Amino acid sequence: MAADNPIDPIHQFEISKIAEMQIAGVDISFTNSSLFMVFAIAATMTLFMLSLSKRSIIPNRMQMLSELSYNFIANMLRDQVGDQGRAYFPFIFSLFMFIFFCNFIGLIPYTFTVTSHLIVTFAFAGLIFLAVTIIGFMKNGLGYLRIFYPSGIPIFLAPLIVPIEIISYLSKPISLSVRLCANMLAGHSILKIFAGFIVMLGFLGFAPLIFLVVLYALETLIAALQAYIFTILTCIYLNDALHPDH
Amino acid sequence: MSSDQNDIRNLQEKIQAAKKSSSPDAPNTPKPIGKIMKVVVEIVAAMAVGLGIGILADNYFETRPLFIIIFFLLGSAAGILNVFRVAKSLQNN
């Protein structure tokens, strides 16, 4: 069906198997999604290995780039979590760089956007949610449960407030993953749809072309913004786990 | 000598500026698109969780649609609570 229509905005999200693999009946094939995840990791590592191979006191542009990204995440972590958050810096930094490069590689034509699939972002968000919950219980013991019962609430309201707080807590990984996925999915679909208009309108296609250029700039902003939002929310959840009283 | 002192003064000004920008009450750059998106997703996510718990509880106790109604309402309340918290954090910025 999809192959019949040359203008198909959904085709870009299709998963195709590159190398088929099965372990104990579970399909773990290497797909185009896996390939672009590898690309994102390779891009991150290339950036840092190249830019930090010649470390000089007066940095060149590439070194500035990697040092700025380091400072950006370090400052975010310090502002949101405080000094206790320093132990989690490697994870937060890797998370940001991975999502950032996944989003940006997806903007190049003929590539695949890993973060446009809900299961990928949900795997991230679910893992973060589990980790944050475990950290919360490890640091606070059972006292962590008091985040479900804010202080200053009369006891007869507890049967109402506690379920609401629990649902609010459980909704965190869903809102985190859906936000990233929906932004990438919607943005890339709109780009493809407007690209289709250019072809269909023929000579008049210059009008959607101008719009597409503007839209592409917006998508570039959103790619960076969503990586930032995903990371800063992870920091906020981490802060809630480390300091449940606030 | 005076050029050295000038350098030190310049450095001092730079340090002051850096301190000012890293202090917590510095105005954060506004991110309206992300914030609006955040609010919408928060409501839907909380409702979905409430509905999910309701469906699971009803399948377990075979009391459909009692728990779906209860937990959907609780989920909606949780969504409003989420939005309220986002709005509060926006106001602090």
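Contact here means heavy atoms within 4.5 Å. This is a predicted model, in which local features need pLDDT of at least 70, side-chain atom pairs count only at pLDDT 80 or more, and totals for chains, interfaces and linings use all residues. Residues are numbered from 1 along each chain as its sequence is written, chains are lettered from A and ligands numbered from 1 in the order in which they are written, and side-chain values use heavy atoms, with hydrogens and water left out.

View 1. Helices (H or I, at least four residues) and strands (E, at least two) are DSSP runs, numbered from the N terminus. Along the sequence the order is β-β-β-β-α-α-α-α-α-α. The C-alpha trace of chain A spans about 70 × 55 × 45 Å along its principal axes. Chain A has 246 residues, and 41% of them count as buried. Buried means under 20% relative accessible area, exposed over 50%, and partly exposed in between (1.4 Å probe, protein chains only). Take the chain A contacts between residues at least 6 apart in sequence: 66% of them join residues at least 24 apart.

**View 2. Helices H4 and H5 of chain A cross at roughly 150°.** H4(A) covers residues 118-140 and H5(A) residues 158-201; their axes come within 8 Å. Axes are lines fitted to C-alpha atoms, for helices over the stretch in contact, and angles run from 0 to 180 degrees between N-to-C directions. From H4(A), the residues in contact include A:Leu118, A:Phe122 and A:Phe129. From H5(A), they include A:Tyr169, A:Pro173 and A:Cys181. The residues of this contact divide into twelve nonpolar, four polar and no charged. Ala, Val, Leu, Ile, Met, Phe, Trp, Tyr, Cys and Pro count as nonpolar, Asp, Glu, Lys and Arg as charged, and the others, Gly among them, as polar.

**View 3. A:Lys172 and A:Asp240 form a salt bridge.** A salt bridge is a side-chain nitrogen of Lys or Arg within 4 Å of a carboxyl oxygen of Asp or Glu. Here the N to O distance is 3.5 Å. A:Lys172 lies in helix H5 of chain A and A:Asp240 in helix H6 (residues 206-242) of chain A, so the pair ties together parts that are 68 residues apart in sequence. A:Lys172 is buried at 18% relative accessible area. A:Asp240 is partly exposed at 26%.

**View 4. A:Arg179 and B:Glu42 pair in a salt bridge.** The N to O distance is 3.3 Å. This pair crosses between chains, from helix H5 of chain A to helix H2 (residues 32-61) of chain B. Both A:Arg179 and B:Glu42 are buried. Over all chains, the count is five salt bridges.

**View 5. A:Arg86 and A:Asp83 meet in a salt bridge.** Their side chains are 3.2 Å apart, N to O. Both residues are exposed.

**View 6. A:Tyr237 and A:Asn239 sit in helix H6 of chain A.** A:Tyr237 is buried, at 10% relative accessibility. Leaving out residues up to four places away in sequence, A:Tyr237 touches A:Val132, A:Lys172, A:Ser175 and A:Leu176. With that exclusion, A:Asn239 touches A:Gln80 and A:Val81. The side chain of A:Asn239 reaches the backbone oxygen of A:Gln80 at 3.3 Å.

Notes
A polar contact is a pair of N or O atoms within 3.5 Å; within protein, one must be able to donate a hydrogen and the other to accept it, and residues adjacent in sequence count only if both atoms are side-chain atoms.
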